[in-house]
Amino acid sequence: MSTFQAPKGTYDLIPPDSAKFLAVREAISAPLKSSGYGYIETPGFEDVELFARGVGESTDIVTKEMYAFETKGGDRLALRPEGTASVLRAALEANLHRLGNLPVKLWYSGSYYRYERPQKGRYRHFSQVGAEAIGAEDPALDAELIILADQAYRSLGLSRFRILLNSLGDKECRPVYRDALQDFLRGLDLDEDTRRRIEINPLRVLDDKRPEVQKQLVGAPMLRDYLCDACKAYHEEVRVLLTAAGVAFEDDEKLVRGLDYYTRTTFEFVHDGLGSQSAVGGGGRYDGLSEMIGGPALPSVGWALGVDRTVLALEAEGIELELPATTSVFAVPLGEEARRVLFALVTELRRAGVATDFSYGGKGLKGAMKSANRSGARYTLVAGERDLAEGVVQLKDMESGEQSPVALTAVLDELRARLA
Ligand code: ATP
Ligand code: MG
């Protein structure tokens with residue numbers, strides 16, 4: 001029988017590398033947890049219409065990248081391609097916005113699915129940690145989220161990332177700009193697909209990475225020149241707050257991002273060591289999204305950071321995370337009686353909170369010590385018949401190599417003292 005492989009565009013997280021992913025998720029979520037964001041978890045799939053409406057009918061995500069399917073019961077669902085629409089759907093459904101405590105601040109962590117052309121940093125299954133602040137229009141909230149993402153990356157030791165910042169305007173000024181941009185774009189020499197995009201979502205054309213398109217975009221009307229006074233003032237305040245926090249950013253007037261729902265503040269975190277998949281995270285304000293999915297007006301802002309690309313960024317900067325050994329103590333029994341006694345001791349240590357592992361499979365001393373070494377444990381407990389007769393186990397410090405007998409009844413206290 002042939003064996004199976006992970007589906008195209010996916011990969012498995014396997015020890016010891018998987019520990020890095022856990023650490024990155026932890027590092028990204030830590031600043032959120034200590035800034036008033038509560039944890040939310042939503043299903044891995046939703047009604048396909050939620051994404052069609054919430055992410056946008058004209059986006060690559062919805063037209064090309066979504067895993068949509070019909071269930072046996074006839075429901076049209078899609079594996080989630082992103083987090084924001086689901087989180088907002090869940091918040092509305094639970095009436096979180098009616099509890100009178102806005103903004104509702106939420107963070108999440110999970111798997112996302114996009115049918116993309118797989119390449120380094122671009123997968124069909126990937127992992128994000130995200131944050132959403134729902135129901136408040138306040139430049140300090142936009143600034144808070146950018147500052148927290150910056151803090152998260154810095155806590156991992158990353159420094160070669162940049163923050164790109166732009167404003168996409170609001171429902172007052174963006175339509176005026178949209179018209180002006182459409183007029184300009186219609187006069188260019190573009191392919192069928194792109195011409196269609198001009199009519200549905202002209203801002204996305206600015207995002208086109210192809211040089212032949214970029215060349216023609218020189219002289220295109222810029223949104224900056226069309227922002228209304230309210231949007232200008234809002235954006236300026238975000239910039240002032242970021243500057244005051246010592247968070248450096250670059251104004252990027254071409255930054256539009258791939259989702260339809262963004263208004264005003266948009267930003268992207270790019271890393272210079274990642275080649276073409278350089279975006280490690282991004283987000284922005286989405287004041288219109290709630291209404292687009294049937295809710296009340298709820299101005300909101302959020303971001304999602306890619307865990308996979310953040311791990312690649314760590315590698316690009318040569319950063320080794322200091323991951324504490326998962327096992328502190330490793331027990332090696334010599335003989336049947338020792339096996340029973342040590343296994344009981346292991347259980348006692350574990351219940352007392354000491355991370356302990358055991359040599360399974362009846363290995364000899366040599367093989368068992370190899371396992372002890374591999375486990376990364378600082379201490380090994382070895383016991384044979386003679387030790388048991390004396391009521392002791394041999395406690396070996398794997399770093400210094402020193403070994404001494406410790407009374408069975410005193411092992412827990414001794415280890416606690418040494419590990420403290
Ligand atoms: P890109 O322009 O690279 O396609 P995006 O704008 O589609 O990115 P977002 O939807 O903003 O990405 O998602 C936020 C983050 O999630 C990205 O910055 C990236 O780190 C990560 N991400 C998005 N798509 C993928 C993918 N296919 N594989 C791995 N990570 C991804
Ligand atoms: Mg994309």
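R264 is buried, with a relative accessible area of 6%; buried means under 20% relative accessible area, exposed over 50% and partly exposed in between, with a 1.4 Å probe and protein chains only. The model is predicted, so local features need pLDDT of at least 70 and side-chain atom pairs count only at pLDDT 80 or more, while totals for chains, interfaces and linings use all residues. Residues are numbered from 1 along each chain as its sequence is written, chains are lettered from A and ligands numbered from 1 in the order in which they are written, and side-chain values use heavy atoms, with hydrogens and water left out.

R264 belongs to strand β9. Strands (E, at least two residues) and helices (H or I, at least four) are DSSP runs, numbered from the N terminus. The backbone of R264 has a positive phi of about 50°, although the residue is not a glycine. Apart from neighbours within four places in sequence, R264 is in contact with E137, N166, S167, L168, G169, D170, A230, C231, Y234, R285 and D287, where contact means heavy atoms within 4.5 Å. E41, by comparison, is 223 residues from R264 in sequence, and the two C-alpha atoms are 27 Å apart in space.

The loop between β9 and β10 contains D272. This residue is partly exposed, with a relative accessible area of 43%. Beyond its neighbours within four places in sequence, D272 is in contact with R160 and R162. Between the C-alpha atoms of D272 and S167 there are 23 Å, and 105 residues along the chain.

The domain assignment divides the chain into domain 1 (17–173 + 227–316) and domain 2 (329–419); such bounds come from an automatic or database domain assignment. The centres of domain 1 and domain 2, taken over C-alpha atoms, are 48 Å apart.

Two helix pairs can be followed next. Helix α5 (residues 139–155) packs with helix α10 (residues 229–244) at an angle of about 40°, and their axes are 8 Å apart. That makes α5 oblique to α10. Angles under 35 degrees count as roughly parallel, over 145 as roughly antiparallel, 65 to 115 as roughly perpendicular and the rest as oblique. The axes are lines fitted to C-alpha atoms, for helices over the stretch in contact, and the angles run from 0 to 180 degrees between N-to-C directions. The residues in contact are P139, A140, D142, A143, I146 and I147 of α5, and Y234, E237, V238, L241 and L242 of α10. By class, this contact has nine nonpolar, no polar and two charged residues; Ala, Val, Leu, Ile, Met, Phe, Trp, Tyr, Cys and Pro count as nonpolar, Asp, Glu, Lys and Arg as charged, and the others, Gly among them, as polar.

The other pair is helix α1 (residues 18–33) and helix α12 (residues 307–316), whose axes come within 10 Å and cross at roughly 105°. That makes α1 roughly perpendicular to α12. On the α1 side, K20, F21, V24, R25 and I28 take part, and they meet V307, D308, T310, V311, L314 and E315 in α12. The contact of α1 with α12 comprises six nonpolar, one polar and four charged residues.

How many of the ten residues of α12 are buried? Eight of the ten are, so α12 is largely enclosed by the rest of the structure. These buried residues are V307, D308, R309, T310, V311, L312, A313 and L314. They pack against α1, β6 (125–134), α5, β9 (263–271), β10 (279–285) and β11 (300–306). After α12 comes G318, with a positive phi near 65°.

A cis peptide bond runs from P15 to P16, with omega near 5°, and P16 is in the segment before α1. L102 and P103 are also joined by a cis peptide bond, with omega about 0°. P103 lies in the loop between α4 (84–93) and β5 (104–113). N95 lies in the loop between α4 and β5. Its phi is near 60°, a positive value in a residue other than glycine, and at 29% relative accessibility N95 counts as partly exposed.
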